[in-house]
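Colleague: I have just opened this one and I am new to it. Could you walk me through what is there?

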Amino acid sequence: MKAEQPTQPIALETAHLSRAVVGKVLTDDINVQVHIGEVVAVVGPSGSGKSSFLRLLNRLDEPTGGTVRLNGEDYRKLAPQELRRRVSMVMQTAYLFPGTVAENVAYGPRHCGQRPLAEQIDALLHRVGLSGYQERNASNLSGGEAQRVSIARTLANAPEILLLDEPTSALDEDSARGVEDLVLDIIRERRMTCVIVTHNNAQARRIAHRTMIIQGGKLVAIGPTQEVLRDD
């Protein structure tokens, strides 16, 4: 069950957002507003520019046209490290660092000069269903466990906006639904804004307030999920 439709101020806004590389247009003049506490799904054919669009939202890739505004402020005014703390991404595959689970979770805050307490790490791992995993080797986890650690590592940065790039597509069905339910619960608890790229329209229907369709790098439709995907 998705969260209630928010009626909040705009958290994230793209203005003519575009990216072209060596003459190939990846993202073409996209204008979207995402409200605080809203979940927006991004769907479309393979190679349509979904992930390219998502990577522009926290400058993992640089736009060649247009910009993004975070709480009304042009995100180019923010240091990339600060931007990516506030707008954090969970990838399709969990890329964990060598070492323990606790060291992975602590990476973000330590990179920003903070030292999270063991109790804080314990609480994050408990929240993602991995109590007692602190000293486990990150290389010895299942796919579902690794993705949960990746989510805990992202939450340690206390982001305002969560970007999800097909976070369950590499998991078996049971693990995928578990991670999906976990993400939705956390979004509700923290009133987080979320943009999720998914190839699974059923997943979009379950979790997203609105859905945008990208084809050939262009935004071709956006609206309430049940209306946008009603003919699927």
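Predicted model: local features only at pLDDT ≥ 70, side-chain atom pairs only at ≥ 80, totals over all residues.

Colleague: How many bridges join strand 1 to strand 4, and do they run parallel or antiparallel?

Modeller: Five bridges join them, and strand 1, residues 10–21, runs antiparallel to strand 4, residues 65–70. Both belong to an open sheet of four strands, whose order is 2-1-4-5 with antiparallel pairing.

Colleague: And which strands stand at the edges?

Modeller: The edges are taken by strand 2 (24–35) and strand 5 (73–74), each of which has a single partner strand, so one side of each is left without a neighbour in the sheet.

Colleague: Back to strand 1 for a moment. What is the phi of histidine 16?

Modeller: Histidine 16, which lies in strand 1, has a phi near 55 degrees, and that is a positive value in a residue other than glycine. As background, most residues other than glycine have a negative phi.

Colleague: Which residues are on each side of strand 6?

Modeller: In strand 6, residues 87–90, Val87 and Met89 are on one side while Ser88 and Val90 are on the other, and as all of them are buried, both faces of the strand are covered. In general, the side chains of a regular strand alternate between the two faces of the sheet.

Colleague: Changing topic, then. How much space lies in the largest pocket?

Modeller: About 620 Å³ of space lies there. The largest pocket has a lining of 23 residues, and those nearest its centre are Arg84, Ser88, Met89, Tyr107 and Asn157. Helix 2 (80–86), strand 6, helix 3 (101–111) and helix 5 (143–155) are the elements that each give two or more residues to this lining.

Colleague: How do the residues of that lining divide by type?

Modeller: The lining of the largest pocket has 11 nonpolar, nine polar and three charged residues.

Colleague: And what is the volume of space in the second largest pocket?

Modeller: The second largest pocket holds about 200 Å³ of space. It is lined by 14 residues, and Pro109, Gln114, Pro116, Gln120 and Ala156 are the closest to its centre. Helix 3 gives the largest share of the lining, with four residues, and the residues divide into eight nonpolar, four polar and two charged.

Colleague: Last one, stepping back: how many helices and strands does the chain have?

Modeller: The chain has eight helices and 10 strands. Its radius of gyration is 17 Å, close to the 17 Å that the globule rule gives for 232 residues, so the chain is as compact as a globular protein of that length. Of those 232 residues, 50% count as buried.

Methods
Residues numbered from 1 in each chain as written. Heavy atoms only, no water. Buried < 20%, exposed > 50% of the residue type's maximum accessible area, 1.4 Å probe, protein only. 1 Å grid on protein atoms, 1.4 Å probe; cavity = no way out; pocket = protein on both sides within 12 Å on 5 of 7 lines; lining within 4 Å. Points joined across faces, edges and corners; volume = space filled by probe spheres on them. Nonpolar A, V, L, I, M, F, W, Y, C, P; charged D, E, K, R; others polar. Pairing = 2+ DSSP bridges. Rg over C-alpha atoms; globule rule 2.2 N^0.38 Å.
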